[in-house]
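Q: Please take a close look at one part of this model, the sheet and what surrounds it. I would like a connected account, with the cut-offs behind each term.

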Amino acid sequence: MLIGLTSNVFLAVIKIVTGILGNSYALVADGIESTLDIFSSAVVLGGIKISSMPADDNHPYGHGKAESIAAMTTSLVLLMAGFGIAVKSILEIMQPHHTPALFTLIVLVGVIIVKEILFKLIFSVGKSVNSLSLKTEAWHHRSDALTSVAAFIGISIAIVGGKGYESADDWAALAASGIIIFNGIKMLNHSVKEIMDYAPNPETEDSIRSIAGRVVGVAAIEKCRVRKSGIFLFVDIHVEVNGDMQVHKAHAIGHDVKDALMKSNLGIADVLVHIEPAQHP
């Protein structure tokens, strides 16, 4: 995250200055998006810091939702940036301007390479720790790379086409805004789902049921509810055992189920086990 934040500061300055000097609004728009990424990176860092705080009396389930809020905030910023760039692009298309300078293409090639590297690095870390905010931040870098590709194409057309093709640069910025808006909506959808305790993918629940079902003494799994908070999962599970079993033994099986799930590699923070009789009188 710190590498990405530092890179955004450097790239934002380079792109905006180059865009202004090189008569390329697509590059300026790209730089504006990078500037907003500086803010979003700071928000994500804050969200991760808060979400890693331990549970307390006021937050018995921890502070994991802070990460989802950070992801939602950065998604909204991305959407605002996309709409802003779209409006400005349309205005630029309607006004005559100069053809972008050739050196802007050289800058864009470097930007695309750096941004794609950052995307792969941060997305890999986000996937390994199951962090939505990190994945969202990674897509910010991918969006930046895509807008740079669009700018590169538009500027190339404007330079090669010459007189009459000057607006190709602005059409590229408009296309880039569409990409930014699409990714913003996609990431906002994911973050809202986490805040609303949307169930994780079926494979995760199947794994939890399988692990719990293999514990000695477990007859069946009646219910299994899973929700995500930050990078961790919270599980409520109803376990069926022999109805004639003594209470203390059934209680011990419940602890065995919890221990088995907590030791798994699913990133489970806590498990609430409810014991049910497998055979009713």
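**The sheet and its surroundings**

A: D270 is partly exposed, at a relative accessible area of 32%, where buried means under 20%, exposed over 50% and partly exposed the range in between (1.4 Å probe, protein chains only). The model is predicted, so local features need pLDDT of at least 70 and side-chain atom pairs count only at pLDDT 80 or more, while totals for chains, interfaces and linings use all residues. Residues are numbered from 1 along each chain as its sequence is written, and side-chain values use heavy atoms, with hydrogens and water left out.

The side chain of D270 meets that of K258 in a salt bridge, at 3.3 Å from N to O; the term requires a side-chain nitrogen of Lys or Arg within 4 Å of a carboxyl oxygen of Asp or Glu. This pair links distant parts of the chain, since D270 belongs to strand β3 (residues 268-277) and K258 to helix α8 (residues 247-262), twelve residues apart. Helices (H or I, at least four residues) and strands (E, at least two) are DSSP runs numbered from the N terminus. K258 is also partly exposed, with a relative accessible area of 27%.

The sheet to which β3 belongs is open and has three strands in the order β1-β2-β3, with mixed pairing; two strands count as paired if DSSP finds at least two bridges between them. Because β1 and β3 each have a single partner strand, they stand at the edges, and one side of each is left without a neighbour in the sheet. Direction ignored, neighbouring strands are turned by 15° against each other on average, the axes being lines fitted to C-alpha atoms (for helices over the stretch in contact) and angles running from 0 to 180 degrees between N-to-C directions. β1 and β2 run antiparallel and are joined by nine bridges, and R225 has D236 in β2 as its bridge partner. Helix α7 packs on the sheet, touching β1, β2 and β3, and its direction makes about 135° with that of β1.

The largest nonpolar core has 19 residues, and those with the most contacts inside it are I208, V235, I237 and V257; such a core is a set of buried Ala, Val, Leu, Ile, Met, Phe, Trp, Tyr and Cys residues joined through side-chain atoms within 4.5 Å. At least two residues of this core come from each of α7, β1, β2 (232-241), α8 and β3, and the largest share, five residues, comes from β2. Its neighbours within four places in sequence set aside, I237 is in contact (heavy atoms within 4.5 Å) with residues including I208, A212, I221, V257, V271 and V273.

In α7 (residues 202-213), E205 and R209 lie four residues apart, about one turn of the helix, and form a salt bridge whose closest N and O atoms are 3.1 Å apart; E205 is partly exposed at 28%, as is R209 at 26%. The side chains of E194 and K228 also meet in a salt bridge, at 2.9 Å from N to O, and this pair links distant parts of the chain, with E194 in helix α6 (residues 168-195) and K228 in strand β1 (residues 220-229), 34 residues apart. Here E194 counts as buried, at 12% relative accessibility, and K228 is buried at 10%.
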